[in-house]
Amino acid sequence: MAEKLRLGLYWAASCGGCEIAVLEIGDRILDLIQVADIVFWPCVMDFKYDDVRAMPDGHIDVVLFNGAIRNSENESIARLLRQKCKVLVAFGSCAVEGGIPALANLYALQSLMARAFTESESTVNPAGTVPAPGHHVPEGEIELPVIYRTVRRLQDVVPVDYFMPGCPPTEKQIWAVLQAIVAGALPPVGSHVGCGDRSVCDECKREKRQVRIERFHRPHEIVPEEGWCLLEQGIVCMGSATRSGCEARCLDANQPCRGCYGPAGRSMDQGAATLSAVGSMIAADSIEKAEQILRDFVDPAGTVYRFGMSNSLLVRRLDE
Amino acid sequence: MSDFEPRIVAFLCSWCSYTGADLAGTSRKKYRSNIIPIRVMCSGRVDPEWILKAFRDGADGVLVCGCHPGDCHYINGNHKTLGRYPVVRRMLAQFGIHPDRYRLEWVSAAEGDRYAKVVDAMIDTVRALGPLRWKDRLAAATDTLADARS
Amino acid sequence: MPRIGVFVCHCGSNIGSVVHVPEVVQFASGLPGVVHAAEHKYMCSDPGQEMIRQAIREHGLERVVVASCSPLMHEATFRKTCEEAGLNGFLFQMANIREQVSWVTEDKARATKKAMAVVQAAVHRVVGHVPLQVGTVPVTPATLVIGGGVAGIEAALQVASSGTRVHLVEREPSIGGHMARFDKTFPTLDCAACILTPKMVQANTHPMITVHAWSEVVEVSGFVGSFKVRIHHKATYVDHQKCTGCGACLQKCPQRKIPSEFDYGMMNRRAIYIPFAQAVPNKPIIDREHCQWFQAGKCRICEKVCEAKAIDYDQDPAGWTEEVEVGNIIVASGMKVMQPTDMKHLGYGRLPDVYTGIEFERLCHASGPTEGHIVCKTGGVVKAGGRPPKAIALVHCIGSRDQQHHAYCSRVCCMYALKYAHLVKEHVPGCEVYDFYIDMRCFGKGYEEFYNRLLREDVRFVRGKVAEVTDAALYPGEDGRMVVRVEDTLVGAVRRIPVDMVVLCSALEPAEGAKALAQTLHMGCSSDGFYLERHPKLAPVSTASAGIFVAGCCQGPKDIPDSVAQGAAAAAQALAMIMKGQVEVEPTTAHVIDDLCSGCQICIPLCPYEAIHRDEARRKAYVEPALCKGCGTCVGACPSGALQQWGFDDTQILAELEGILAAR
Amino acid sequence: MRTYAYFPGCSLKATATPYETSLLDVAGALDVEFRELDDWNCCGATAYFSIRETLSHAISARNLAIAEKGGLDLVAPCSACYLGLSKTNHYLQEFPELKRRVDGALAAGGLAYGGSVRVRHALEVFVQDVGIDAIEDRVRKPLDDLKVAGYAGCQMVRPYGFDDAEVPVVLDRLTAALGGTPVDFPLASRCCGGAQVMTNQPVALAMCRELLACAEGRKADVIVTTCPLCHMNLDLFQGKVNAAFGTSFHIPVVFFTQLMALAFGLQRTGIDKNIVPASPTLAGLMAG
């Protein structure tokens, strides 16, 4: 019998949803471990970084890496795993394109720290204590990872072999990709896996009426008409600019697509593509009218880069 | 900052604005040389991706010129341009890019003089805002392991 | 990387005296892919083009960049040059270093630097060019002429004389336009009706001309070679097939007091009417708004007196629409005379006996309200038998050459004012004529001579812009008259000149609905609202829209000789196209990359030409190349990059952008 | 109760006191409160703007800056004040360089002006805000048979005015509401000569003469004006016009607020303070 496949899973800056998504495959995990050994999965089992450091280079066959690069620990483990694995898969939106953590790129680090550790309504911190990388305690020196000012994608720090987007990737797609890994049937390096090649509209069942947008609504403001394209109803839906593969689940739940699968087709920048499509659709014949209609399109950057800030052309806010 | 020479990319629709810019030349109107045009058939062709790409890759300003609303050679291509404009500007502001670095102006084929004025005004505005240097500043705002260890 | 050749033109000294061409050539030769770079004094000359052809052959060039003038000027020339050397014309890119570099930049070093950036952009762009084929479409042998004024009539007659079908559409009940209202024409003083009426009749009876009067073009679809035109015929309530034009109905209609549009409300017409005696077609129409039968449900007198049984009250009030197919279109939709009502200081609409130039024309006309007698109003009504004026003011430049209104000169006012001066002197013995002008513009053949003649006819020419026409008398002799206050710039004094009649030579403006028509035809207007010709000197009757030509005052104010000349010129162009039988169409259309299209349908409603539809079976968009005009708006909007435009592909534009930003 | 900031200007405190008393009485009768601007200064009048641009706008802007603190519309009854304040308002918006200099001057005095004040003429406030109908309702003694030449003058209508610059109509509408008869007065927005009466009197008198001749020609019992300067030129200098041109005009000239006070039946109209005595019809109304 051939040697069993060695799998590693890791989470960097992420919510943990991707880990849960892997467990969504349910009983089939038992099939998986028939053919694969999980050699590193800190979220689920007790592994130490030193265990990994002790492995020979290229020891792990495939690493599914989820989470963005938010701090020095994320980056150093990314580098370590890259060294120790043969195939590195950026798993989930955060690793592929920054994800929700990358929305922080719209703010300066100091203001984020202040908000999180002193200003927020639920915080009691009269001393104004904020985390510091190094700290002396009676037991000795402790060290925390250094938090980065800019949230980046996995591919910004190490070469990545495959990209598997989704927040999180669906259980069906995960299982399909795991099967492909086991079968050695992965596509050429650099490909996106576990997703489609078109846009969410391809999978969306809602009908288009080819109307222009007269006013925008946020999802909680109206009860959208069943079966009709949300964008045409004035709810900013990124489906047309977002890679397919999710089976338009959010749309089935009457929620607009937030774009977690990243840009569709040849588009370089998912946000710009969305704005171009949405802006073209509004019923305006003057800039003033356009401004008036677009006023209700709140927080454009936070909407169209909900998941893709690190993957965008501009990456972050830079104050002049 | 007075010796700062901004670099501005202009996307001009062929029928009105490029023709108007040509007319500025034919009428020997002088304007400053910091602007390089790219001709498209209609301002509606201008993809906001290009604008972001221009800013990221070294432009200090982006000017888009089209036919006046109602005068579009393609009936209403420029309505789509103007529909994209306010929201793109607002988004640029969210990224810390002064919205005046991106302007949409209507220049008809007869308005060579106006084109020259629009260009000079744009250059003045961008010069006052200073260089954007997006890539450099982005690199400077991006931490690496080396930074963390030092 | 394809083999690229770069050719930089001096354009005599136009480029070469500002841009340091050798430096640009040297710079270009160092750019990636460039295997050959050369300069020439005149790249568009035969030797210049030959140089390019030779270089293509000798160096095996696969891409060509010419840095010279605007692509709008010579792109076609150099594409052809490339084709002649066996290279597809679309593997070529033009770098405009004249109109947008050398002519607009003062500093030579900066101009040279900018030229390099422009060349670099073109070199980057041309790498991604792909060969494209210019298509041809057949031309339907028929022409639509919009507007039946003198320019349109001339155009229609010229086209029809070749045996080509013409549809002449006129929105008024009769063709003839403004000229039909004129009494005499300057400077020859020949009778307008005597020279125009035969042409009107000729147009109406020509076997190849269909006159659609009381009709409007409401929709134009298709493209050069085969436009589909929807013509809306307004309801006439008279069957013009049966009507003999006997005129019996006109006499008997009891509704007598309807202000005549033709006479600007100075005369009355009936509810069933023809606008003027020589109207063509000479068939009446019923004005539903004023007809007793339609409004009160009784009368039907016209029906009773009509022996031909032509009256048809049951016509659909919405009229009817027909569709015709034509190969090209001549727009001769004319102008309107500005109503100076908001110039309150000049008294129009407030003081009696203040007229616009065109109204005064009717006053001089034998079939006008005063039967050709120039007289003051009687009891506020214009009619024959009034008191003749003792003095008349002719005021030039009303709304023309005026920053508050129109910057342009209306070109005809000086001359018609002179004509009026002559007519007043002829018709009203002893009447003083004051002609208030800024400059006398008598530019045409025989015009200056006419001015000289008037100088000897005892007309008082006052050089100055009239400040006010008032009825506030101050001095003896002013009571009950109007006073023109003016700064006489030759005398250097403010004068008060009492007169009894004022003629305001008001500006010619774009016709009512000019903008809407431009939109129907997808053509451009200049900032003053007149239609934009393709080139003011070299293409004066072509427009930016292939197959659409302009003639007459819709393109700008002009007199009768110029209108007729343009009508004939437009006809010649239209005919040239029809005789050739086919036209070339640009291949820079949009197309769908099937693998990327999700059928999101965002593009479909954006296309003003309805060129995109959804292939229901494949759930994808499809662009019909014959309908696509190549604006690329759908391409800009496509959120997945599935739509691209030949010749303006995202990769090409981004390469151009990179070329610009890589420079310096 | 409508409330406005009130900029009286110098004339209303000196040569045109009947304008102020009648204005405030009429305002009271129409439930309008004019709150006099605290520590206001001269508007700069017309001429100063052509001599010292920055300074003239600075003193005008000072008034606007004070008014802005109160957040009310600023009402100027004098047409020259109205024009000067409006002009500064527009210029500061249009010319950033001027605004920079004026801001500096204001800052030196501890003031700042954001540009939010709306400058209004008293006539505009009565006719547009209170409304013609409300004015008509308040009439107790209609000006029956009184023929009124409505003389808007130039500064109220040009270039920032609220009425037509060539053929103003607001005064005529007011006259009709008060029960009087507006006469056709084609010179309604013609200049009275303004301050030329001091510097180049023959010119000013000739201009006044045109106005008076026109009013007389149209058989006006009274000329109604909106501006202290117009009033002074036409009333105070009417005798001089007669002397200079051998004419014999005797046309009373009143402020529109005086006509309103008369029609409202208020005690103080101030018409008796005029130089040219009331014409018989006017005197009859005053007596009745």
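**View 1. Buried area between chain B and chain A.** In this predicted model, chain B and chain A bury about 3700 Å² between them, 64% of it from carbon and sulfur atoms; buried area is the accessible area (1.4 Å probe) that two parts lose on being put together, summed over both. On the side of chain B, the residues that lose the most area to chain A are Glu49(B), Gln94(B) and Phe95(B), together 18% of what that side buries. The contact (heavy atoms within 4.5 Å) takes 46 residues from chain A and 40 residues from chain B.

View 2. Arg149(A) and Asp143(B) form a salt bridge through their side chains, at 2.9 Å from N to O.

**View 3. Elements of chain B that touch chain A.** H3(B) gives the most, with 14 residues.

**View 4. Chain pairs.** Among the four pairs of chains in contact, chains B and C share the most contacts. Chain A and chain D do not touch, and their nearest C-alpha atoms are 20 Å apart.

**Notes.** Residues are numbered from 1 along each chain as its sequence is written, and chains are lettered from A in the order in which they are written. Local features need pLDDT of at least 70, side-chain atom pairs count only at pLDDT 80 or more, totals for chains, interfaces and linings use all residues, and side-chain values use heavy atoms, with hydrogens and water left out.

Conventions: A salt bridge is a side-chain nitrogen of Lys or Arg within 4 Å of a carboxyl oxygen of Asp or Glu. Helices (H or I, at least four residues) and strands (E, at least two) are DSSP runs, numbered from the N terminus.
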